[in-house]
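Please examine the sequence and the three-dimensional structure shown below.

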Amino acid sequence: MAQVVSYSSKETLASGLLSFILDCQNHAMNRHDRFQVAVSGGSLPSILALAVLSEEAEGKILWDKWQIFFADERAVPLDHEDSNYGLLKKELLDKLPEDAPKPEVITIDTDFLDDTQELADQYEQALVNYFARKDSVKKPAFDLLLLGCGPDGHTCSLFPGHDLLREVDPWVAPIEDSPKPPPKRITLTLPVIAAAIRAAFVATGAGKAEILKTIFEDPGEGLPCSLVNAALNEKVTWFVDHPAVEGVNYPRRASL
Ligand SMILES: O=C(O)[C@H](O)[C@@H](O)[C@H](O)[C@H](O)COP(=O)(O)O
């Protein structure tokens, strides 16, 4: 079962998230001497930055071992205001101390912005190279997925009721009709998410309470976030604040 930890502030949430990330990082070091992480857009990069740029994190993040991928990305240039890479750069990468080692960041190939299928194929090929796996049966196992939860229960660019939820073979898929703008994007598919070693959702604010109620109390609705919970079980932890779970019956209540 997915675990949920609720915090009283963004700062305590970020500190809890940092411990989780460090645990995943250290496990990844033992496993293959690198840390392969996929990050989402939305509010995730700023809370991630709060966690990993904190004083508490100093000296503990092995940046030169990090390989950062995108759980989903918008089909826009990297310096466009809608770019998830651009957001991560602004919130986190640009704030790393100049003399600190830098993570490797694997972006989309913007030569293919006009053809989302090709854009997805190219990103999948990048994953094939990094994960050294060529068959479509064994999916790449990210050490950590850092996910957001949309107000409709979407995660990555996997939206409720969308055909993409039924993708089995591709690792990365295009979407041209995302209900959340911009419409053209690429996203990791559910089977890739299900193959991850660990995952964390971050959801904050009262605006998330209604959808979290459905995600946890009515998983049969099949919202994308519920599907991730069902696929990853105890490998997924939700980092939420109190307003986000107000009135929600969620598993293993723990409050900090
Ligand atoms: O690129 C995107 O649009 C995101 O990856 C998306 O899946 C996001 O994570 C959720 O919409 C939650 O966003 P918030 O954290 O801002 O609510």
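The following text considers a strand, then a helix, and finally the surroundings of the ligand. The model is a predicted one.

Strand β10 comprises residues 236-241. Six of its six residues are buried, so the strand is largely enclosed by the rest of the structure. Strand β1, residues 3-7, runs parallel to β10 and is joined to it by five bridges. Strand β9, residues 199-203, is likewise parallel to β10, with five bridges between them. Residue F239 of β10 illustrates both pairings, as V5 stands opposite F239 and V202 also stands opposite F239.

Helix α4 spans residues 116-131 and contains 16 residues. From its first C-alpha to its last it reaches 22 Å, close to the 22 Å expected at 1.5 Å a residue. Its buried residues are L119, A120, Y123, E124, L127 and F131. Viewed down the axis of α4, these buried residues fall within an arc of 135°, so they line one face of the helix. The buried residues of α4 pack against β7 (172-175) and β8 (185-188). Just after the helix, A132 adopts a positive phi of about 50°.

The ligand has 14 residues around it, of which S40, G41, G42, S43 and G148 come nearest.

Technical notes: Residues are numbered from 1 along each chain as its sequence is written. This is a predicted model: local features need pLDDT of at least 70, side-chain atom pairs count only at pLDDT 80 or more; totals for chains, interfaces and linings use all residues. A residue is near a molecule or strand if its C-beta atom, placed from the backbone, lies within 6 Å of it. A residue is buried if 20 or more other C-beta atoms lie within 10 Å of its own, exposed if 12 or fewer, and partly exposed in between; C-beta atoms are placed from the backbone. Helices (H or I, at least four residues) and strands (E, at least two) are DSSP runs, numbered from the N terminus. Two strands pair if DSSP finds at least two bridges between them. The expected span of a helix is 1.5 Å times one less than its number of residues. The arc is that of the directions from the helix axis to the C-beta atoms. Two residues are in contact if their C-beta atoms, placed from the backbone, lie within 7 Å.
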